[in-house]
Amino acid sequence: MAAEDQPPRAQANPEKTKKRKKPKKDKWGQPIAATADEPAVQQVQEREAPEEPVEAAAEEAGHGAESYECGKVVASGMPYTTTEEEIRGLFDKFGPIRSLQLSRFPDSGNFRGLAFVTFESDEAAMKSLELDGHELGHRFMRVERCRITASSKRQKKSEHESDPEKTQGGLSAYVGNLSWNITEKDLRDFLKSSRITSIRFAIDKRTGDSRGFCHVDFEDDESLERAVGMNQSQLRGRPVKIAYAIINRN
């Protein structure tokens with residue numbers, strides 16, 4: 001076909017070829033009507049934006065505040081071979097010690113170089129901070145105040161509020177926070193005012209060592225009450241926890 005016989009091409013419609021502008025949308029996906037109204041829409045958006053909760057702001061403002069347990073310090077970085085007597089000898093020169101808790105590996109029961117020391121007064125605890133940086137067994141100790149955490153608050157609450165009630169007919173007591181080297185004879189001497197039937201120590205199946213607590217069976221109710229009355233009494237420098245044993249009758 002000759003060039004002059006070809007039909008003329010349709011001219012492009014400028015209105016169709018012109019790209020449409022996408023309408024502006026706010027953050028909720030709603031179209032913004034006109035440019036002139038944009039300041040008004042922005043004002044509406046600012047008014048509708050959710051305000052920060054007062055509680056969250058207050059929490060953030062007080063986040064930097066530190067709280068510490070009264071009379072308690074944490075000693076870390078000690079050699080694993082350090083004994084309880086050695087640790088007590090380091091700290092008791094600053095004041096009377098209420099309790100000394102050694103952190104141990106759960107699988108072996110061996111000391112892990114971390115201890116919690118609670119003094120009778122906060123003043124003695126502050127003085128013991130002089131041991132920070134003290135060299136012990138070619139290692140340098142770190143001693144700092146013990147911070148209060150949410151878990152420690154829950155632990156304190158459970159210690160003071162969740163002691164089990166006495167079970168009718170029960171003659172057993174739970175005895176905890178014991179030194180790892182406490183023997184049955186030591187415990188019988190400690191509870192000598194009570195008539196004891198048997199003592200059952202909790203033993204680590206892997207290592208054969210004591211897990212630091214036991215259950216004591218008594219001959220009569222009077223002996224049980226005398227033993228529970230000795231709760232928090234000192235045995236080898238540690239406050240012993242004594243409470244009614246939980247009896248599972250299922």
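Q: In the hairpin of strand 8 and strand 9, which residue takes a positive phi?
A: Gly-208 takes a positive phi near 80° in this hairpin, which has 6 residues between the strands. Helices and strands are DSSP runs numbered from the N terminus (helices H or I, at least four residues; strands E, at least two). The model is predicted, so local features need pLDDT of at least 70 and side-chain atom pairs count only at pLDDT 80 or more, while totals for chains, interfaces and linings use all residues. Residues are numbered from 1 along each chain as its sequence is written, and side-chain values use heavy atoms, with hydrogens and water left out.

Q: In which sense do strand 8 and strand 9 pair, and over how many bridges?
A: In general, strands of a sheet pair through backbone hydrogen bonds, either parallel or antiparallel. Two strands pair here if DSSP finds at least two bridges between them. Strand 8 (residues 196-203) and strand 9 (residues 210-218) are antiparallel, over 6 bridges. Ile-196 faces Phe-218 of strand 9 as its opposite residue.

Q: Is Asp-204 buried or exposed?
A: Buried means under 20% relative accessible area, exposed over 50%, and partly exposed in between (1.4 Å probe, protein chains only). Asp-204 has 15% relative accessibility and therefore counts as buried. Asp-204 sits in the loop between strand 8 and strand 9. Contact means heavy atoms within 4.5 Å. Not counting residues up to four places away in sequence, Asp-204 touches Pro-106, Asp-107, Asp-209 and Arg-211.

Q: What is the order of the strands in the open sheet of 4 strands?
A: The order is 2-3-1-6, with antiparallel pairing. Strand 2 (97-104) and strand 6 (142-147) each have a single partner strand and stand at the edges, so one side of each is left without a neighbour in the sheet. Neighbouring strands of this sheet are turned by 25° against each other on average, direction ignored. Within the sheet order, strand 1 (residues 68-76) and strand 3 (residues 111-119) run antiparallel and are joined by 4 bridges. Val-74 stands opposite Phe-116 in strand 3.

Q: Which strands does helix 4 lie across?
A: Axes are lines fitted to C-alpha atoms, for helices over the stretch in contact, and angles run from 0 to 180 degrees between N-to-C directions. Helix 4 lies across strand 1, strand 2, strand 3 and strand 6, and runs at about 140° to strand 2.

Q: How many salt bridges does a search of the whole structure find?
A: Side chains of opposite charge can pair when their charged atoms come close. A salt bridge is a side-chain nitrogen of Lys or Arg within 4 Å of a carboxyl oxygen of Asp or Glu. The search finds 15 salt bridges. One of them joins the side chains of Glu-84 and Arg-88 at 3.6 Å, N to O. Both residues lie in helix 4 (residues 84-91), 4 residues apart, about one turn of the helix, and both Glu-84 and Arg-88 are buried.

Q: Which distant parts of the chain does the pair of Asp-186 and Arg-236 link?
A: The side chains of Asp-186 and Arg-236 form a salt bridge at 3.0 Å, N to O. Asp-186 is in helix 7 (residues 184-190), and Arg-236, 50 residues apart from it, is in the loop between strand 10 (234-235) and strand 11 (238-239). Arg-236 has 44% relative accessibility and so counts as partly exposed. Elsewhere, salt bridges that share partners join Arg-142, Glu-144 and Arg-147 into one network. The bridge of Glu-144 to Arg-147 spans 3.8 Å, N to O.

Q: What is Val-175 in contact with, leaving aside its neighbours within four places in sequence?
A: Val-175 contacts Leu-187, Phe-213, Cys-214, Val-216, Val-240, Lys-241 and Ile-242. Val-175 lies in strand 7 (residues 172-176) and is buried, with a relative accessible area of 1%. Val-175 and Phe-213 are 38 residues apart in sequence, while their C-alpha atoms are 5.6 Å apart in space.

Q: Which residues are buried in helix 8?
A: Ser-223, Leu-224, Ala-227 and Val-228 are buried in helix 8 (residues 221-228). Their arc around the axis is only 130°, so they are on the same side of helix 8; the arc is that of the directions from the helix axis to the C-beta atoms. The cover over the buried residues of helix 8 includes strand 7, strand 9 and strand 12 (241-244).

Q: How many helices and strands does the chain have?
A: The chain has 8 helices and 12 strands. Of its 250 residues, 30% count as buried.
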